[in-house]
Amino acid sequence: MLKINNLHVKLEEENKQILNGVDLEVAGGEVHAIMGPNGSGKSTLSYVLSGRGGYVVTEGSAVLDGHDLLALEPEERAAAGLFLAFQYPVEIPGVGNLTFLRTAVNAQRKARGEEELSATDFLKEVRARAKTLKIDAEMLKRPVNVGFSGGEKKRNEILQMAMLAPKMCILDETDSGLDVDAMKLVADGVNALRDKGRGFLVITHYQRLLDHIKPDVVHIMAAGRIVKSGGPDLALEVEHNGYADILAEVA
Amino acid sequence: MALPERKESATELRLAGLKLPVGGCTDAARESALTRVRAMGLPSRRDEYWKYTRPDTLVQPEPPRAALFEDGETPMFGDMDRLRVVFVDGVFDPEASDDLDLEGVSIDRIADLCARDIHWAKHLYGKLEQAGQTPVERPFAALNTAFAKDGVAIHIAGRPSKPISLIYVHESETSDALLHHVIRVEPGAEATILENGPAAARFNKCMEIDVASGGKLHLVRAQGRDHERRAVTHVFARLGTESVFKCFTLTINGMLTRNEVVVELTGDDALAHVAGACVGDGDFHHDDTVFITHDAVGCESRQVFKKVLRNGATGVFQGKILVREGAQKTDGYQISQALLLDGDSQFLAKPELEIYADDVACSHGSTSGAIDEDALFYLRSRGVPEGQATDLLTLAFLGEAVDEIEDKDLAAEIIGRVEAWLLRHH
């Protein structure tokens, strides 16, 4: 599904290398977690894959289901099936949440040559999905993320994910700023979307989230590379001992 | 004080080409206005309030030629039930207009005021314009009072069932139109006035609005899309106790537009909202100059102006709130913002507050900036193409101004026009 090969990335503005040869392959139906100390390049990886400006790929490739992601505009990557749940979802005053969602859903359908969703069908689906995420009608009407609490913003990300039905979901520290109940709600939303045709890349600092979203593979990232991969136990090891042992071991 | 020689000769040159209409009951007001024009002179770039907007093409005797433009859109406000009052190049066209017959309203041409013995209008003509010359001179408004060739007096005594729609048609490439309307809203009466169209190659329009206690007037304007037209407009409004005046202006295209709105809140607890949205591409200069005077207790005023500029377009905002001594519990708000879609466009803003009362809340802000890159990326990451995402953010930016229109159908019509402009300019 997603195949990242020897990815090297530096900042556009300064000569600072952030990623130093990331290799990663996520198959359909799998959940991969990426953990790692601050500044290891986890968020950069998510931004580069989704096409945010400010980065230069100096080497390597990223392919999603045959699409050369790095050659595509952000909107084309989305239409190809990539979704990034933002660590800090952006507030957009003046754009209603429903308008935003409908525009996004139909833009993707159009890009894929599919028929646009009618207003009625769209509303029916969005209401049903919002309900399971405990997002009320009022929140749907409000401007995108404006005045939302941290938990509401993250639930709104998951709602978008559900509506857009991507093939590959990247969750960038979705657990940050969430209390235990909110985390459970978000995790349930993610788990409901687990499917053999869909891959997940879950970036997190804490093992806690992985209690709820059980990963198949855990990767440890440091200094812009994946330094160790293993099963769910690897996350527990990090939780107990920190990164020092692992980093010493691979150094 | 004598005028500078250059200013005096430019003024006299302009006046030489104009003929003072005589024989009506506005003669005295016109003569007084002419004396005032001569005393203050027509604007030059050295004048404080014309630093950002070149007045020369408005002053010169003949208007620059302005090509006619077929916009191919459905007529503005065309789907609404409205009373149509049509002016072609600044002259009332009874054939194209509806019968000026609407319950709660009477409408007469300025030229007929004497014959019909319409006292209120005789007394109002030039009155608010003259009062609005202090402390800032507005020479084009005085010029208008003196030389306006046509215009209507609208008397609103009730609550008419539909809006009065003033439609300005541009048919001559060299027309130089001066229109002057006077409007009186009686106590408790309420109406909506719509204005649209490019009017003329050069258009000088003045509107005096007197809203009595408890009266309400909604004014929604859309200035026509003819690229080469020039316009200078003035609205002078006087608001009585607990009256409401809401004014919104949409400007799409036009080489030069100067819209002045001068409001005096004279009765307690009155409310004035003045808003505008403009979108301009290339050779486009748009100037909003607003002056709101609080001269009573507990009044509220809002100024909300948003400009979208690209390809070297220029936006100007000069907005003032004056709170006179004793105008306690004033609530004044002013915001002017420009969205610059490229590095070539510019926004020049001069917000002013002058307050002589000690128990007031006044705030003002002015910003100019580009599209929010984070918001743009967020939308694109959800699959919305860049152009469409930019449009969505542009409409959102204008939203605060458009929201000032109370009637949701009118607001939707305005948004539709902006959407169409955005699509044409991808």
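**Group meeting: contacts in a two-chain model**

Start with Ser336(B). Leaving out neighbours within four places in sequence, Ser336(B) is in contact with Phe305(B), Phe317(B), Phe347(B), Ala349(B), Gly365(B), Ser366(B) and Thr367(B). Contact here means heavy atoms within 4.5 Å. Ser336(B) sits in strand β17 of chain B, residues 331-340. Helices (H or I, at least four residues) and strands (E, at least two) are DSSP runs, numbered from the N terminus. Ser336(B) has 1% relative accessibility, so it counts as buried. The cut-offs: buried is under 20% relative accessible area, exposed is over 50%, partly exposed is in between, with a 1.4 Å probe and protein chains only.

Some ground rules. This is a predicted model, where local features need pLDDT of at least 70, side-chain atom pairs count only at pLDDT 80 or more, and totals for chains, interfaces and linings use all residues. Residues are numbered from 1 along each chain as its sequence is written, chains are lettered from A and ligands numbered from 1 in the order in which they are written, and side-chain values use heavy atoms, with hydrogens and water left out.

Now the interface. In chain B, 16 residues are in contact with 27 residues of chain A. The buried area between chain B and chain A is about 1,800 Å². That is the accessible area (1.4 Å probe) that two parts lose on being put together, summed over both. Carbon and sulfur atoms give 67% of it. Which residues of chain B lose the most area to chain A? Phe377(B), Tyr378(B) and Arg382(B), together 44% of what that side buries.

Between chain B and chain A the count is four salt bridges. A salt bridge is a side-chain nitrogen of Lys or Arg within 4 Å of a carboxyl oxygen of Asp or Glu. Glu157(A) and Arg382(B) meet in a salt bridge through their side chains, at 2.6 Å, N to O.

Which elements of chain B give two or more residues to the side that touches chain A? They are α7 (373-381) and α8 (386-402) of chain B. The largest share, seven residues, comes from α7(B). By type, that side divides into nine nonpolar, three polar and four charged residues. In that count, Ala, Val, Leu, Ile, Met, Phe, Trp, Tyr, Cys and Pro are nonpolar, Asp, Glu, Lys and Arg are charged, and the others, Gly among them, are polar.

Over to chain A, and its own α7. Helix α7(A) has 13 residues, 180-192, so at 1.5 Å a residue it should span 18 Å. The expected span is 1.5 Å times one less than the number of residues. The end C-alpha atoms are 18 Å apart, which agrees. At the start of α7(A), a side-chain oxygen of Asp179(A) reaches to within 3.2 Å of the backbone nitrogen of Asp181(A). Buried residues in α7(A) include Ala182(A), Leu185(A), Val186(A) and Gly189(A). The buried residues of the helix pack against α4 (119-132), α6 (150-164), β9 (168-172), β10 (199-203) and α8 (208-212) of chain A.

Last topic, salt bridges over the whole structure. Glu48(B) pairs with Lys350(B), closest N and O atoms 3.0 Å apart. These partners are 302 residues apart: Glu48(B) is in the loop between α2 (27-40) and α3 (56-59), Lys350(B) in strand β18 (346-355), both of chain B. Buried or exposed, what is Lys350(B)? Buried, with a relative accessible area of 13%. Glu48(B), at 43%, counts as partly exposed.

Lys306(B) forms a salt bridge with Glu400(B) at 3.3 Å between the closest N and O atoms. Lys306(B) lies in strand β15 (300-310), Glu400(B) in helix α8 of chain B, 94 residues apart. Lys306(B) is buried at 5% relative accessible area, while Glu400(B) is partly exposed at 27%. To finish, a network of salt bridges links Glu73(B), Arg225(B), Glu413(B), Arg417(B) and Arg424(B).

Terms used:
Polar contact = N/O pair within 3.5 Å; in protein donor to acceptor, adjacent residues only side chain to side chain.
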